[in-house]
Amino acid sequence: MSPKTYHLVTGLFFSVIAVMHLLRLLMGWEVIANGAMIPVWISWVGILVFGYLAYHAFSTKRHK
């Protein structure tokens, strides 16, 4: 796999995860893992982290 393809795929993957976190916030979805309710603030962190990773993957793709 070429580096450009790798950065495109990882950027898309991280973008989908960031969008899912955003949808959770907008739609009010509850997440329960192993019987424990996952707090909503986790999605705020998820948007920031995965949004940054997606941005970084896409910007690295442009430079190489």
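Contact here means heavy atoms within 4.5 Å. The structure is a predicted model: local features need pLDDT of at least 70, side-chain atom pairs count only at pLDDT 80 or more, and totals for chains, interfaces and linings use all residues. Residues are numbered from 1 along each chain as its sequence is written, and side-chain values use heavy atoms, with hydrogens and water left out.

Phenylalanine 58 touches Leu8, Gly11, Leu12 and Ser15, when residues up to four places away in sequence are not counted. Phenylalanine 58 sits in helix 2 (residues 41–63). Helices (H or I, at least four residues) and strands (E, at least two) are DSSP runs, numbered from the N terminus. The C-alpha atoms of phenylalanine 58 and threonine 10 are 8.5 Å apart, and these residues are 48 residues apart along the chain. The relative accessibility of phenylalanine 58 is 27%, so the residue counts as partly exposed. The classes are set by relative accessible area: buried is under 20%, exposed is over 50%, and partly exposed is in between (1.4 Å probe, protein chains only).

The protein contains two helices and two strands. Along the sequence the pattern reads α-β-β-α. The radius of gyration is 14 Å, well over the 11 Å that the globule rule gives for 64 residues, so the protein is more spread out than a compact globule. The radius is taken over C-alpha atoms, and the globule rule is 2.2 Å times the number of residues to the power 0.38. Along the principal axes, the C-alpha atoms fill a box of roughly 45 × 20 × 15 Å. Of the 64 residues, 19% count as buried. Contacts between residues at least 6 apart in sequence were also examined; 62% of them join residues at least 24 apart. The protein exposes about 4,900 Å², and carbon and sulfur atoms supply 74% of that area. Accessible areas come from the Shrake-Rupley method with a 1.4 Å probe; for residues, only the protein chains shown count as cover.

Aromatic rings were examined next. A pair of aromatic rings is described by the distance of the centres and the angle of the planes. Rings of Phe, Tyr and Trp (its six-membered ring) pair if their centres lie within 6.5 Å; planes under 30 degrees apart count as stacked, over 60 as edge-to-face and the rest as tilted. By this rule the count comes to two aromatic pairs. Phenylalanine 14 and phenylalanine 50 form a tilted pair, with 5.9 Å centre to centre and 40° between the planes. Phenylalanine 14 lies in helix 1 (residues 3–27) and phenylalanine 50 in helix 2, so the pair ties together parts that are 36 residues apart in sequence. Phe13, Phe14 and Phe50 form one aromatic cluster. Phenylalanine 50 is partly exposed, at a relative accessible area of 22%.

Leucine 23 also lies in helix 1. Its relative accessible area is 29%, which means leucine 23 is partly exposed. Leaving aside neighbours within four places in sequence, leucine 23 is in contact with Gly28 and Trp29. Leucine 23 and serine 43 are 20 residues apart along the chain, with their C-alpha atoms separated by 9.3 Å. Tryptophan 29 is found in the loop between helix 1 and strand 1 (32–33). With the same exclusion of neighbours within four places, tryptophan 29 contacts Met20, Leu23 and Arg24. Tryptophan 29 is partly exposed, at 39% relative accessible area.

Tryptophan 29 and tryptophan 44 are 15 residues apart in sequence and 13 Å apart in space, C-alpha to C-alpha. Tryptophan 44 is placed in helix 2 and is exposed, with a relative accessible area of 52%. A nonpolar surface patch of about 1,000 Å² is made by Val40, Trp41, Ile42, Trp44, Val45, Leu48, Val49, Tyr52, Leu53 and Tyr55. Patches are made of residues with over 30% relative accessible area and no salt bridge; like charges are joined within 9 Å, and nonpolar side chains (Val, Leu, Ile, Met, Phe, Trp, Tyr) within 5 Å. A salt bridge is a side-chain nitrogen of Lys or Arg within 4 Å of a carboxyl oxygen of Asp or Glu.

Asparagine 34 lies in the loop between strand 1 and strand 2 (36–37). Its phi is near 55°, a positive value in a residue other than glycine. Asparagine 34 is exposed, at 83% relative accessible area.
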